[in-house]
Amino acid sequence: MPKPEPERLSRPARVAEAIKSWVVAANLAPGDRLPGEADLIARFGMSKGTIREAMRILEAQGLVKTRTGPGGGPFVHEVSAARARALLGNYFYFKDMTVADIYQLRILLEPEMAAGLAGNLSEADLAALEANLSRYEAPPANAEEERAQHVASLDFHAMLAGHADNPLLGFLIGFMAQMLSDLTVYRRLYEPRNYALWRTGREHQAALIDALRRGDAGAARSVMTAHMEGARDFMVRQEAEMEQRFLAGR
């Protein structure tokens with residue numbers, strides 16, 4: 001059976017890639033001005049239409065920002081983590097992602113991140129985590145509070161990810177927290193009230209803060225592993241219950 005041919009890039013897409021490579025080679029940084037249209041035409045030997053389309057591609061990717069008015073023009077732009085997560089989330093939109101899929105990676109990655117953060121967070125960082133924990137200090141009284149607390153609990157993990165020394169590890173963990181938050185909301189996984197999930201999740205997070213404050217990497221890794229495994233079991237059951245409700249209501 002013949003192998004499928006690799007996707008062929010359009011001419012503007014190839015030029016966009018060439019411009020990105022040139023930006024790196026020229027050691028340009030976010031905020032630096034890019035050459036004007038005439039200079040780009042001369043540099044890359046392409047028509048005005050191709051250069052304009054290439055710049056539109058780079059703007060859509062978030063790598064170029066055009067400013068209007070005096071002193072305006074195209075500038076190198078840094079893609080924010082929120083935009084990168086949103087773009088990557090679009091890729092998974094039709095992938096039928098499950099809670100178990102996400103937790104398979106969370107169980108592998110988050111305990112190691114927690115161990116690496118032990119003893120390396122400031123008192124202000126730890127206080128911010130404790131403040132987030134206070135957002136779900138009491139059990140939720142209704143489904144709306146349950147939803148808000150699920151999201152707040154995942155914010156705790158996104159906050160930890162923001163302190164990771166490894167930017168790729170931090171991004172992946174923050175992305176998974178966002179994906180799980182989105183799944184929780186649009187699949188209404190918060191609706192089956194679950195006191196045990198609230199209690200054990202909060203206890204694990206409080207114990208994790210204590211381990212991080214003491215600088216105990218082994219305890220931080222162990223607590224986060226137990227937290228991830230327990231949350232996975234609870235959330236997989238929540239997902240199955242909502243699926244059964246959906247099928248029963250059809």
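The legends below describe close-up views of a predicted model. Local features are taken where pLDDT is at least 70 and side-chain atom pairs where pLDDT is 80 or more, while totals for chains, interfaces and linings use all residues. Residues are numbered from 1 along each chain as its sequence is written, and side-chain values use heavy atoms, with hydrogens and water left out.

**View 1. Packing of helix α4 on helix α8.** Helix α4 (residues 81-91) packs on helix α8 (residues 167-186) at an angle of about 60°, with the axes 10 Å apart; axes are lines fitted to C-alpha atoms, for helices over the stretch in contact, and angles run from 0 to 180 degrees between N-to-C directions. Helices are DSSP runs of H or I with at least four residues, numbered from the N terminus. The angle makes α4 oblique to α8, where angles under 35 degrees count as roughly parallel, over 145 as roughly antiparallel, 65 to 115 as roughly perpendicular and the rest as oblique. The crossing of α4 and α8 is right-handed, a term used if the near helix is turned clockwise from the far one by less than a right angle, with left-handed used if anticlockwise. On α4 the contact (heavy atoms within 4.5 Å) is made by A81, A84, R85, L88 and G89, and on α8 by F171, G174, F175, Q178 and M179.

**View 2. Helices α7 and α8 side by side.** The axes of α7 and α8 come within 8 Å and cross at roughly 175°, which makes α7 roughly antiparallel to α8. From α7 the contact takes in R147, H150, V151, L154, H157, A158 and A161, and from α8 it takes in G170, I173, G174, A177, L180, S181, T184 and V185. By class, this contact of α7 with α8 holds 8 nonpolar, 6 polar and 1 charged residues; Ala, Val, Leu, Ile, Met, Phe, Trp, Tyr, Cys and Pro count as nonpolar, Asp, Glu, Lys and Arg as charged, and the others, Gly among them, as polar.

**View 3. The crossing of helices α5 and α7.** The axes of α5 and α7 come within 10 Å and cross at roughly 55°, and the two helices are therefore oblique to each other, with a left-handed crossing. R106, E110, M113 and L117 of α5 meet L154, H157, L160 and A161 of α7, and the contact comprises 5 nonpolar, 1 polar and 2 charged residues.

**View 4. The largest nonpolar core and the surroundings of L160.** A nonpolar core is a set of buried Ala, Val, Leu, Ile, Met, Phe, Trp, Tyr and Cys residues joined through side-chain atoms within 4.5 Å, buried meaning under 20% relative accessible area, exposed over 50% and partly exposed in between, with a 1.4 Å probe and protein chains only. Of the 43 residues in the largest core, M113, L129, L160, L208 and L212 touch the most other members. Helices α5 (99-117), α6 (123-133), α7 (143-161), α8, α9 (195-214) and α10 (217-249) each supply at least two residues of this core, and α10 gives the most, with 9 residues. Apart from its neighbours within four places in sequence, L160 is in contact with M113, L117, L121, L129, L208, L212 and M224.

**View 5. Two loop residues with positive phi.** N27, in the loop between α1 (11-25) and α2 (37-44), is not a glycine but has a positive phi of about 60°, and N27 is exposed, with a relative accessible area of 65%. D96, in the loop between α4 and α5, has a phi near 55°, again a positive value in a residue other than glycine, and counts as exposed at 59% relative accessibility.
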